[in-house]
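Have the sequence and the 3D view open side by side.

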Amino acid sequence: MKKIIVTGSLNTDMVIHAPYCPKGGETLTGSEFMVNCGGKGANQAVAAAKLGGKVLMCGCVGNDMFGDNLIGNLVKSGADTRYVRKADGVPTGTAVIIVTNGENRIVLDKGANAFLRESDIDAVLTEAEEGDIYLTQLENPVAVVGYGLKRAKEKGLITVLNPAPAHSEIADYFAYVDLITPNESELELFGGKEKLFQSGIGTIITTLGSKGYEYADRTSAKKYPCIAVKAVDTTGAGDTFCGGMCAMLAEGKSLKEAMAFGSKAASIACTRKGAAVAIPTRIEVETWK
């Protein structure tokens with residue numbers, strides 16, 4: 001089995017439901033408060049580990065209880081956290097989320113995620129071997145994310161980019177991306193499939209929400225449905241898809257098999273509240289009817 005190296009963000013999500021967004025100076029009674037482990041990097045690492053992958057997580061947290069909790073959650077999922085650095089003097093990334101009438105209003109402090117360094121990536125890549133998988137996203141500084149893609153590609157890794165939240169500057173590094181996983185709005189922001197192919201990317205997997213996903217290469221494109229579920233919370237579904245797909249690729253499964261498995265895992269995650277906590281295990285995916 002190949003290793004999966006995930007470089008990315010680690011956040012604590014604090015969620016509360018409210019009838020409306022409070023006005024200035026107003027105190028409002030909410031409900032259903034939850035503290036969740038999140039961040040796209042951490043979510044994808046947890047997904048890949050819970051779904052069978054051998055995962056090394058590279059990221060940065062504050063030297064605080066939130067950072068300890070995020071590291072503990074990764075360890076519980078089966079991920080290797082030796083390359084999650086604790087930074088002094090900055091808080092762990094935090095998202096405060098107010099849910100009103102099913103819509104999220106989010107205030108984000110990137111915290112330690114903004115302090116990820118090229119040296120952090122160099123450190124984790126000392127354990128990389130040709131053919132391992134490198135998975136990353138865009139909640140850390142774009143230049144550092146791009147550096148990681150370039151270095152991973154130079155070492156012969158299969159590079160996978162989940163381009164979220166979309167940032168135009170990452171286009172400078174598309175030549176180092178083997179496989180990209182945008183949603184429909186991100187694909188549009190980057191100019192569509194043809195522009196991505198022209199930039200050097202060979203495979204595009206576009207997630208389509210409840211409609212499934214689309215595989216495209218330079219010669220063909222095909223859409224695939226996802227399994228039907230009653231969605232409760234779609235937070236982290238895309239991260240589950242990426243992690244599950246990479247877990248299967250690391251086992252030597254075909255990309256078609258890997259996509260189908262990732263999609264099924266993502267659908268199951270939508271039936272539960274939360275991000276990392278909603279990600280199913282390998283057995284749950286294999287036995288889901």
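## Two helices, packed together

A crossing is left-handed if the near helix is turned anticlockwise from the far one by less than a right angle, and right-handed if clockwise. By that rule, α7 and α8 cross in the right-handed sense. Helices here are DSSP runs of H or I with at least four residues, strands are runs of E with at least two, and both are numbered from the N terminus. One caution before going on: this is a predicted model, where local features need pLDDT of at least 70 and side-chain atom pairs count only at pLDDT 80 or more, while totals for chains, interfaces and linings use all residues. Residues are numbered from 1 along each chain as its sequence is written, and side-chain values use heavy atoms, leaving out hydrogens and water.

Helix α7 covers residues 237–250 and helix α8 covers 255–269; they pack at about 145°, with axes 7 Å apart. Axes are lines fitted to C-alpha atoms, for helices over the stretch in contact, and angles run from 0 to 180 degrees between N-to-C directions. Contact means heavy atoms within 4.5 Å. On the α7 side, the touching residues include F241, G244, M245 and M248, and on the α8 side they include L255, M259, F261 and S263. Sorted by class, that contact has twelve nonpolar, four polar and no charged residues. Nonpolar here covers Ala, Val, Leu, Ile, Met, Phe, Trp, Tyr, Cys and Pro; Asp, Glu, Lys and Arg are charged, and the others, Gly among them, are polar.

## What sits inside

Which residues have the most contacts inside the largest nonpolar core? They are I4, L10, V55, L74, I205, M245 and M259, in a core of 45 residues. A nonpolar core is a set of buried Ala, Val, Leu, Ile, Met, Phe, Trp, Tyr and Cys residues joined through side-chain atoms within 4.5 Å. Buried means under 20% relative accessible area, exposed over 50%, and partly exposed in between (1.4 Å probe, protein chains only). The largest share of this core, eight residues, comes from α7. Setting aside residues up to four places away in sequence, M245 touches V160, L179, T181, I205, L255, A258, M259 and G262. There's also a second, separate core of 34 residues, with L56, V90, L149 and L157 among them.

## The sheet

Nine strands make an open sheet with mixed pairing, in the order β5-β4-β1-β8-β9-β10-β11-β12-β13. Two strands pair if DSSP finds at least two bridges between them. At the edges are β5 (80–87) and β13, each pairing on one side only.

Strand β9 (residues 158–161) runs parallel to β8, joined by four bridges, and V160 of β9 is the bridge partner of L135. Strand β13 (residues 221–224) runs antiparallel to β12, also with four bridges; a hairpin of four residues links them. There, Y215 has K222 in β13 as its bridge partner. As for helices on the sheet, α1 lies across β1, β4 and β8, at about 155° to β4.

## One in, one out

Is S263 buried or exposed? S263 counts as buried because its relative accessibility is 6%. Beyond its neighbours within four places in sequence, S263 contacts Y213, C226 and F241. K195, found in helix α6 (residues 193–198), is exposed, with a relative accessible area of 53%.
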